[in-house]
Amino acid sequence: MPKHLQREIENLKKKILNLGARIETVVHEAIRSIEERDVVLAQKIIDEDIEIDHTEVEVEEDCLKILALYQPVAIDLRFIVAILKINSDLERIGDLAVNIAERSVFLASVQQVNASFDFVLMSKKTESMLNKCLDALVNLSSELAIEVCTDDDEVDAMNRQMYLRVQDAIQTHPDQIPSLIHLLSVSRHLERIADHATNIAEDVIYMVEGRIVRHKTEDYKS
Amino acid sequence: MDSKIEVRNLNLFYGSFHAVKDVTMSIKPQSITAIIGPSGCGKSTLLRCFNRMNDLIENVRISGQILFNGHDIYHPGVNLTRLRRRVGMVFQRPNPFPLSVFDNVAYGRRVHGLPKGVQTEMAVEKSLCATGLWDEIKDKLDTSALKLSPEQQQRLCISRLLAVEPEVLLMDEPCSALDPIATQHIEELMRELAKNYTIVIVTHNMQQAARVSEYTAFFCLGELIEYDSTVKIFRNPGMKQTEDYITGRFG
């Protein structure tokens with residue numbers, strides 16, 4: 001591979017991995033801000049999102065530059081295309097972490113709901129998916145990526161369960177509807193984060209194997 | 001017909017040097033097939049086999065078969081002049097004869113004993129139109145072909161082939177002596193010609209192979225490593241060696 005292209009690709013790899021690490025941190029902090037009703041931490045996440053937005057634009061510009069200047073093919077082409085998409089998924093995950101943080105600002109300002117709503121299992125699973133899809137990216141492992149795709153069903157089920165619990169709680173505690181809706185939103189945001197982690201995993205499979213597995217669950221295994 | 005040219009277990013030796021190793025492939029009609037690979041991999045040698053140009057080189061030994069329209073071109077009874085009329089070749093450097101534009105295009109028809117007079121004039125016009133040269137030089141048919149620009153000369157050489165009504169055009173690095181704009185024009189011409197002719201192009205320029213061809217064959221050290229649709233080869237090749245070559249990881 002020409003040295004200059006190799007250098008550009010290495011730099012891009014470093015940037016996307018740094019962005020990935022940053023996103024893992026903000027998701028973790030957003031969940032902690034909900035659990036601990038930590039307004040300061042939540043505000044920090046909201047304020048710092050702009051940095052993630054800037055990095056996303058920078059990564060996209062780097063990808064476009066490589067495409068324009070080096071016309072990469074085969075694995076190099078698949079790498080750039082996958083990074084373009086992963087970059088945008090990571091930025092969306094950052095936005096969802098901000099959404100969770102905004103919910104925690106609200107929840108901290110009102111009385112705790114009577115029913116117990118913990119997101120421990122769901123957030124643990126979502127964080128593990130995010131962690132795994134980034135590991136799959138680092139190690140170019142489609143096996144790990146396939147695991148993420150199948151894990152998504154579990155998070156979807158947890159979100160559905162949360163919906164039913166909130167529905168019940170609304171009937172028994174109609175005075176707490178605003179808080180319950182915010183809690184349901186947190187669940188929905190976690191579920192969306194898991195969806196984006198799945199997208200990233202699918203892009204890793206494309207990068208490694210050249211197979212497009214999106215929209216075709218049965219293809220994860222072929 | 002599924003294939004215009006069918007290569008079966010072709011081996012070619014220059015003396016003791018094994019230049020083409022047991023190659024089997026088929027070239028689809030009315031398509032552009034690109035042959036790529038590092039220098040000395042046997043791609044031009046293979047191209048020259050398709051109209052038996054290698055017969056002119058000493059110490060060449062060939063085994064296996066090449067079928068053109070289903071007939072073995074290495075059969076002893078094959079008329080070489082007739083074969084080369086059907087399977088013409090365009091070279092790296094435009095090589096017009098030191099004759100007028102008209103005589104260059106008409107030359108092949110005379111050699112092959114095709115009808116003269118008005119029919120030749122019509123064939124010359126048709127061939128020059130097919131390569132987009134007619135409008136540019138219809139008033140200069142008597143001027144020397146050597147006075148044309150390199151791109152016009154290359155177009156003229158293609159017109160010269162078309163005038164004898166070939167079926168296959170072999171192109172050996174046809175744009176390597178041309179500037180980027182002229183290259184673009186010749187590539188557009190190739191796409192146009194592929195509607196009626198079968199084109200096989202040898203190129204060092206991988207972007208060119210990706211741009212113009214529908215099928216790509218990758219050769220290395222005389223062996224056919226991979227042969228597939230161009231989209232597959234450049235997006236997700238099946239062989240590591242192909243990927244390493246097209247991404248510049250070796251060469």
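**Walking through the model**

Guide: B:Ile35 stands opposite B:Ala217 in S9(B). Strands here are DSSP runs (E, at least two residues) and helices are DSSP runs (H or I, at least four), both numbered from the N terminus.

Visitor: What ground rules apply?
Guide: This is a predicted model: local features need pLDDT of at least 70, side-chain atom pairs count only at pLDDT 80 or more, and totals for chains, interfaces and linings use all residues. Residues are numbered from 1 along each chain as its sequence is written, with chains lettered from A and ligands numbered from 1 in the order in which they are written.

Visitor: How do S3 and S9 of chain B run, parallel or antiparallel?
Guide: Parallel: four bridges join S3 (residues 32–36) to S9 (residues 215–220) in chain B. Two strands pair if DSSP finds at least two bridges between them.

Visitor: What is the strand order of the open sheet in chain B?
Guide: S6-S7-S8-S3-S9-S10, six strands with mixed pairing. S6 (87–90) and S10 (223–229) of chain B each have a single partner strand, so one side of each is left without a neighbour in the sheet. Neighbouring strands are turned by 20 degrees against each other on average, direction ignored.

Visitor: Switching to chain A. How many helices and strands?
Guide: Six helices and zero strands. The radius of gyration of chain A, over C-alpha atoms, is 19 Å, close to the 17 Å from the globule rule for 222 residues, so chain A is as compact as a globular protein of that length. That rule is 2.2 Å times the number of residues to the power 0.38.

Visitor: And the box?
Guide: Along the principal axes, the C-alpha atoms of chain A fill roughly 65 × 40 × 20 Å.

Visitor: At what angle do H1 and H4 of chain A cross?
Guide: Roughly 175 degrees, with the axes of H1 (residues 3–35) and H4 (residues 120–139) of chain A coming within 11 Å. Axes are lines fitted to C-alpha atoms, for helices over the stretch in contact, and angles run from 0 to 180 degrees between N-to-C directions. H1(A) and H4(A) are therefore roughly antiparallel, a label for angles over 145 degrees.

Visitor: Which residues meet there?
Guide: Among them, A:Leu17 and A:Ile31 in H1(A), and A:Leu130 and A:Leu134 in H4(A). Contact needs C-beta atoms, placed from the backbone, within 7 Å.

Visitor: Last one. How many residues does each chain give to the contact between A and B?
Guide: Nine from chain A and eleven from chain B.

Technical notes: Two residues are in contact if their C-beta atoms, placed from the backbone, lie within 7 Å. Angles under 35 degrees count as roughly parallel, over 145 as roughly antiparallel, 65 to 115 as roughly perpendicular and the rest as oblique.
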